[in-house]
Amino acid sequence: MRIAVGLGKTDGQARLERQGISRRDFMKFCTAVAVTMGLGPSMASEVAAALTGKRASVVYLHCAECTGCSEALLRTYKPFIDSLILDTISLDYHETIMAAAGEAAEEALDKAIKNPDGYIAVVEGAIPMADGGKFGYVGGHTMYDLCKRVLPGAKAVITMGTCAAYGGVQAAKPNPTGSVGVNEAFADMGVKAINLPGCPPNPLNFVGTVVAFLQGREIRLDELGRPLMFFGKTVHELCERLPHFEAGEFAPSFDSEEARKGWCLYDLGCKGPSTYNNCPKVLFNDTNWPVRAGHPCIGCSEPGFWDELTPFYKN
């Protein structure tokens, strides 16, 4: 069954129908987003309304990063991200996937930030600050100057990944590029970004944040700027191996029988007790997350995790 197009249907629904997205897949996705936001499955229709209303303009900037956050977003499936999210938001600038290059890309950015309806800015990657920002350029402009041009005028700023939120791996010692997170770099300009840390973050957390903003919902943040609806509990509290932790059952090695039985990985370096994220609850691609796959949590959504939480296989 396809999403019907006709009297009373929104442009968004028509776009999805043209992409061949079934109502079943669309509503399943909206249900997953609603649950991720802590709203419950019954709110899926409100999520659907937000995603099929007037398309929000999004300007997505890349700074010092590996593009892994974009890769995670683009590899979302059921339905695929290109046939859903890219059709329900207007992604007007994204250096990695846009067809335009050179002057055409500059013109696209200039047009997007002059949108009379405003725009949402998303930043992936840390901001190099050393030596006047000369460690990172895009189109002849430093990453700092590019963000300075775009972020203060945005209706909302979202950091995608730990690098943009807190500096991430780029800010690890000795940090020769002077990389910092968006809020640290632009606080004096009034920028207060919503941080979605993770290496990479779960795409559903990004979609949920955009939906909440489009709905005009209050997005309650913790002291690190993370939405409490996604980062309100520790990985440890949500982990399916928690009963083994409470029973004192710890895997002695990765290749042990205890590890194969799903015993707790705390003695192998798991940082779940000190890491806030919803990874156990919101699986990547509705399939898996590191601890279920047999690898300890490394605390990648925490500030300074690369320096402060290493070595990753010891506690």
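Two strands pair if DSSP finds at least two bridges between them. Helices (H or I, at least four residues) and strands (E, at least two) are DSSP runs, numbered from the N terminus. This is a predicted model, in which local features need pLDDT of at least 70 and side-chain atom pairs count only at pLDDT 80 or more, while totals for chains, interfaces and linings use all residues. Residues are numbered from 1 along each chain as its sequence is written, and side-chain values use heavy atoms, leaving out hydrogens and water.

Start with strand β1, residues 56–62. Five bridges join β1 to strand β3 (residues 120–124), and the two run parallel. Valine 59 stands opposite alanine 121 of β3. In a regular strand the side chains alternate between the two faces of the sheet. Both faces of β1 are covered: Ala56, Val58, Tyr60 and His62 are buried on one side, Ser57, Val59 and Leu61 on the other. Buried means under 20% relative accessible area, exposed over 50%, partly exposed in between (1.4 Å probe, protein chains only).

Next comes helix α4, residues 68–74, which holds alanine 72. Alanine 72 is buried, at 17% relative accessible area. Alanine 72 touches Pro200, Pro201 and Pro203, not counting residues up to four places away in sequence. Contact means heavy atoms within 4.5 Å. Cysteine 199 lies 127 residues from alanine 72 in sequence, yet their C-alpha atoms are 9.5 Å apart.

Finish with helices α2 (residues 23–36) and α10 (residues 203–215). Their axes are 9 Å apart, at an angle of about 85°. The contact involves Phe29, Ala32, Val33 and Thr36 of α2, and Leu204, Asn205, Val207, Gly208 and Val211 of α10.

Conventions: Axes fitted to C-alpha atoms, helices over the stretch in contact; angles between N-to-C directions.
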